[in-house]
Amino acid sequence: MTTTRQRRVGKGTEASEDQPSEETNVKPDGKIPSGPTGGKLWNILSITVGGIVAISLGLLTSVYVATLHENDLWFSNIKEVEREISFRTECGLYYSYYKQMIQAASIQQGLHGLVYDNKTESVRTINILERMNVYQEVFLSILYRILPIQQYLEPVYFYIYTLFGLQAVYVIALYVTSWLLSGTWLSGLLAACWYITNRVDTTRVEFTIPLRENWALPFFAVQIAAITYLLRTHLQPVQERLTLVAVFIATFLFSLTWQFNQFMMLIQALALFILDCLDMLPTAKVTWLYIIQVSGLLLVCVLQFFNSMILGSLLISFNVSVLIARTIQKNLKKGGFLSRLGKLILHVLLVLFLTLLINKFIKKILNLESDEHIFKFLKAKFGFGATRDFDANLYLCEEAFGLLPLNTFSRLSSTLLFYVYGFVLFLLTVAAVIVAFRNLSGSNQAQLMEKMEECTITLKPDAAYSLVHTVLFGCLALSTMRMKYLWTSHMCVFASFGLCSTEVWKLLLKCVHLYTSQRTQVIKYSIPIITLLYIAFKFWPGIMDELSELREFYDPDTVELMNWIKSSTPNTAVFAGSMQLLAGVKLCTGRTLTNHPHYEDKHLRERTKQIYQIYAKRSPGEVHGLLRAFGADYVILEDSICYERRHGRGCRLRDLLDVANGHIMDGLGENEPDLKPSLYPRFCEEIKKNLPSYTMHFTRVFQNKTFHVYKLAKHK
């Protein structure tokens, strides 16, 4: 098992256009520069300083995570095989295609090897560019080959430094989004500091470098920043067109780099739909965003050789349904409150019906089943019936796909982030409910203006979008821990914006009858500065200690296994085993695999279930037949899976296999009444006894404390 250990000594646009006039050109100390020239100069100076701070924080974040990665693994000192093993599970699979492109005789041969790949899945030729989101590896490998840097920078460093560099883009995008929302770069500074001090819950890039989300989330943050700017009022036509181009490019890059893009953008589309129905966003801009989402996804579909999973995505069906429903119900935003509410309910039902109808039709035409495991998982997760489906239970039993642990909130609260977030969320939710009710009330323009003067509760379109965005992604994070990184990063933006927002403090002070313009400005700047000082005082020593802690990579058993495979097996050998381990086998040795961790294919899921019978209660003849059907020459058994203790009874891999096979699980505890005892003992345990019934099919050729490798007999 991969781990680390202590190193042994001696081993070789500032304010938005629609801001109230009282907050224009305000200095951090609350004073307003006198005269138009002074105000313009101050704006230029403020934007310059804010931009420099943003870039500096982005670069510092990149250096910070790169240093943590080096300190944790001693990456610069370990061997190449150890570096590659450190890319765990699917990370190793993705990086292997970068390595493959680098080592190819030419770019053309490298691309040909990806399009006609017969080493990732034995006895089957697949198109890697269609099946997986690896265009970033292709682009990076080509860039490395054509740039004159080979003598100065190893391929692995070019790769990881690019990912760490994207963290700079990520932090700058968060900074800019908060700045645009609040009108002051102090808000961006606070957002970036919260992102860094809550690193455990905002990113995992330093130990899962090639993971798809580490490529995609920086582009998603850029897209959100561009949408925030687009939703400002009084934009010039040129500004609006350029912003739409920026949104499209960011959406396209986000979609290209992560296979789960469609689900994230579906949530984003739901946020736009809710706000458009409540008349809180300009309909024309929302329409453009729908079109951009669909066009970006379709462009990715073309690049991925018309990947059917993209065509059958709920996002495309939903966006098309919204546009169709809107043309059918042209008078949706006219009439009194009850009339509009009734139309709105019908509109929602119509969109839901059309979405399901269109999606069902597309999947029927394309015979699409690639994403069925996701819906099985969701059905079981939210209590719509228990399932014995192996794939669904495999997800259900993983901690990453469980509920968000409660200790997450205690960590976020230690930096004051969660407290501020809750405070801002409550205030803006109340404001949003009032504004939504007012928009649906059907009052004429004169009455509306009169009401706005009386209650002074308004919610700008960009703030409204940020509110619904954080609520929906918060629900996603609470239900699925792995998705928390989409929420916590935006939590930093949302909390810092609220703390530095004139509107938030103005609303609060008016509620307690303490409002004055000067008092609002003083609070707007003083509280964020006090918060920053608190964060610096409390967390700076811990960050310094973290940066001074030196560890090293230590996984001798896996290193020994990989070296043995490279030296003692033919290049054409086919290996069977766990998905996670085989990804490392492909990267470190280049051998052919029977299965791998990229699970978005029905045939691969069925194949994996068959391969995993090595951990079930099956006869040696059955297991041998299953493995040989997929061309396996060797099978790797792992004690950590065969004798698993990480999960409780019912969630161990062997338990999932037993239930799926209709067998009673091991150990004390209840079993479902229709489960029967198996006629055979557990294969991974019994094979180690070297009984004749096993040795006639399998010969042990390698063994250490963790792994057992058996060569399969080739019976006629």
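Visitor: What makes the pair R124 and E121 a salt bridge?

Guide: The model is predicted, and the distance is read from its atoms. The closest N and O atoms of R124 and E121 are 2.9 Å apart. The cut-off is 4 Å between a side-chain nitrogen of Lys or Arg and a carboxyl oxygen of Asp or Glu, so R124 and E121 form a salt bridge.

Visitor: Why is E121 called buried?

Guide: Its relative accessibility is 0%. Buried means under 20%, so E121 counts as buried. R124 has a relative accessible area of 25%. That value lies between 20% and 50%, so R124 is called partly exposed.

Visitor: How do you know that K689 and E686 meet in a salt bridge?

Guide: The N to O distance is 3.2 Å. The limit is 4 Å, so the pair K689 and E686 counts.

Visitor: What makes E90 and R482 a link between distant parts of the chain?

Guide: The side chains of E90 and R482 meet in a salt bridge of 3.7 Å, N to O. E90 is in helix α3, while R482 is in the loop between α22 (461-479) and α23 (484-499), and the two are 392 residues apart. E90 has a relative accessibility of 17% and is therefore buried, the cut-off being under 20%. R482, at 14%, is buried because it falls under that cut-off.

Visitor: How many salt bridges does the whole structure have?

Guide: The search finds 29. Some are joined in a network, which links K617, R654, D658, D666 and R682.

Visitor: How do you know that domain 1 and domain 2 are in contact?

Guide: Contact needs heavy atoms within 4.5 Å. By that rule, 42 residues of domain 1 are in contact with 39 residues of domain 2. The domain assignment gives domain 1 as 41-162 and domain 2 as 163-370 + 395-548. Between them the two domains bury about 3500 Å², 66% of it on carbon and sulfur atoms.

Visitor: Which salt bridges and polar contacts cross from domain 1 to domain 2?

Guide: The count is 2 salt bridges. R212 and E137 also meet in a salt bridge, with a distance of 2.6 Å, N to O. Across the interface of domain 1 and domain 2 there are 24 residue pairs in polar contact. On the side of domain 1 that touches domain 2, α1 (36-73) gives the most, with 20 residues. The residues of that side divide into 24 nonpolar, 13 polar and 5 charged.

Visitor: What makes H513 exposed?

Guide: H513 has 71% relative accessibility, and the label needs over 50%, so H513 counts as exposed. H513 sits in the loop between α24 (502-511) and α25 (517-548). Its phi is positive, about 60 degrees, although H513 is not a glycine.

How values were computed: Residues numbered from 1 in each chain as written. Predicted model: local features only at pLDDT ≥ 70, side-chain atom pairs only at ≥ 80, totals over all residues. Heavy atoms only, no water. Domains from an automatic or database assignment. Buried area = accessible area lost by both parts, 1.4 Å probe. Polar contact = N/O pair within 3.5 Å; in protein donor to acceptor, adjacent residues only side chain to side chain. Helix = DSSP H or I, 4+ residues; strand = E, 2+ residues; numbered from the N terminus. Nonpolar A, V, L, I, M, F, W, Y, C, P; charged D, E, K, R; others polar. Buried < 20%, exposed > 50% of the residue type's maximum accessible area, 1.4 Å probe, protein only.
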